[in-house]
Amino acid sequence: MNVTTKSLIAAMIFGGSAATADASSVITGVTASGPGLGSFSFSELGSSAVLNFSTTFSSVNPITLKFTVAHEDGTGVSVPYHIYDAIKNNTPEAFSSFHLHINESSSAPRDGVVFTSFNSADDFFAPDFTPSFTLDSSSINQPALFEPTGPRDLNFTGELKAGETAIQSYYSLDLPDPGVGNTYTFSLTQTPVAGVVPEPETYAMFLAGLGLMGFMARRKQKQSA
């Protein structure tokens, strides 16, 4: 299934904004595809270069967002795009982690598209709300095919139950200027991983069971001595 969102959104995002004068690159189209795709949409959050994504997963498989970036007349200073991403788990399985990876095409500036900042979006929308996912630190190793959190990779762990929606993440994308008359593309792959995160009570029962087994082993050892 392939969902295409095209609108040459430069006018929508930058029109009438004071930030226009400082922009040299602009997203002119976004497409979504991949085996996990249920639906995808986006909207402006009322400020230039700020987008609200809404992605529904119909299966525990990746979804790839492809961006087209063009030149915007201005001072030549790039303005990062700020993205708030709400994901819905429309599968029968819980997600235990969520991964983002930037891939650039041959037309893009080499290693130019990167994450410049990231955090839990719940800190922005609802400070008292406990987020479904927590951003991993850069020191945490990930199983293949995932790289540790860094300029081109973001990894989140937690739990998103079947049928639930989470404001999963906030991140900024630095988009280099392609130059007058030029465009380039890059993609952002979103990959959920299925699994059940044990509840605290489960951990407590597990530890209690280990303690009981240790006690019985020591008792048996004393009796046989």
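Student: Leaving aside neighbours within four places in sequence, which residues is Ser172 in contact with?
Tutor: This is a predicted model, where local features need pLDDT of at least 70, side-chain atom pairs count only at pLDDT 80 or more, and totals for chains, interfaces and linings use all residues. Residues are numbered from 1 along each chain as its sequence is written, and side-chain values use heavy atoms, with hydrogens and water left out. Contact means heavy atoms within 4.5 Å. With neighbours up to four places away set aside, Ser172 touches Pro80, Tyr81, His82, Val114, Phe115, Thr116 and Ser117.

Student: Is Ser172 buried or exposed?
Tutor: Ser172 sits in strand β11, residues 165–174. Strands (E, at least two residues) and helices (H or I, at least four) are DSSP runs, numbered from the N terminus. Buried means under 20% relative accessible area, exposed over 50%, and partly exposed in between (1.4 Å probe, protein chains only). The relative accessible area of Ser172 is 1%, so Ser172 is buried.

Student: Which side chain makes a polar contact with the side chain of Ser172?
Tutor: A polar contact is a pair of N or O atoms within 3.5 Å; within protein, one must be able to donate a hydrogen and the other to accept it, and residues adjacent in sequence count only if both atoms are side-chain atoms. At 2.7 Å, the partner is the side chain of His82.

Student: Which residues touch the most other members of the largest nonpolar core?
Tutor: A nonpolar core is a set of buried Ala, Val, Leu, Ile, Met, Phe, Trp, Tyr and Cys residues joined through side-chain atoms within 4.5 Å. Among the 37 residues here, the most other members are touched by Phe53, Tyr171, Leu175 and Phe186.

Student: Which strand gives the largest share of this core?
Tutor: The core has 37 residues. Its largest share is 5 residues, and they come from strand β5.

Student: How many bridges pair β7 with strand β12?
Tutor: Two strands pair if DSSP finds at least two bridges between them. β7 runs antiparallel to β10, with 6 bridges, and Ser97 stands opposite Thr157 there. On β12, Gln190 faces Leu100. β7 and β12 are also antiparallel, and their bridges number 9.

Student: How many of the residues of β7 are buried?
Tutor: β7 spans 95–104. The strand is mostly covered, and of its 10 residues the buried ones number 7.

Student: Which side chains meet in a salt bridge?
Tutor: A salt bridge is a side-chain nitrogen of Lys or Arg within 4 Å of a carboxyl oxygen of Asp or Glu. The structure holds 1. It links strand β7 to the loop between β9 and β10, across 48 residues of chain. At 3.5 Å, N to O, the side chains are those of Glu104 and Arg152.

Student: Where is the cis peptide bond?
Tutor: Most peptide bonds are trans. Here omega is about 15°, and the cis bond joins Ala144 and Leu145.

Student: What separates the C-alpha atoms of Pro148 and Ser138?
Tutor: Pro148 is in the loop between β9 (133–135) and β10 (153–160). Its relative accessible area is 28%, so Pro148 is partly exposed. Along the chain, Pro148 and Ser138 are 10 residues apart, and their C-alpha separation is 5.5 Å.
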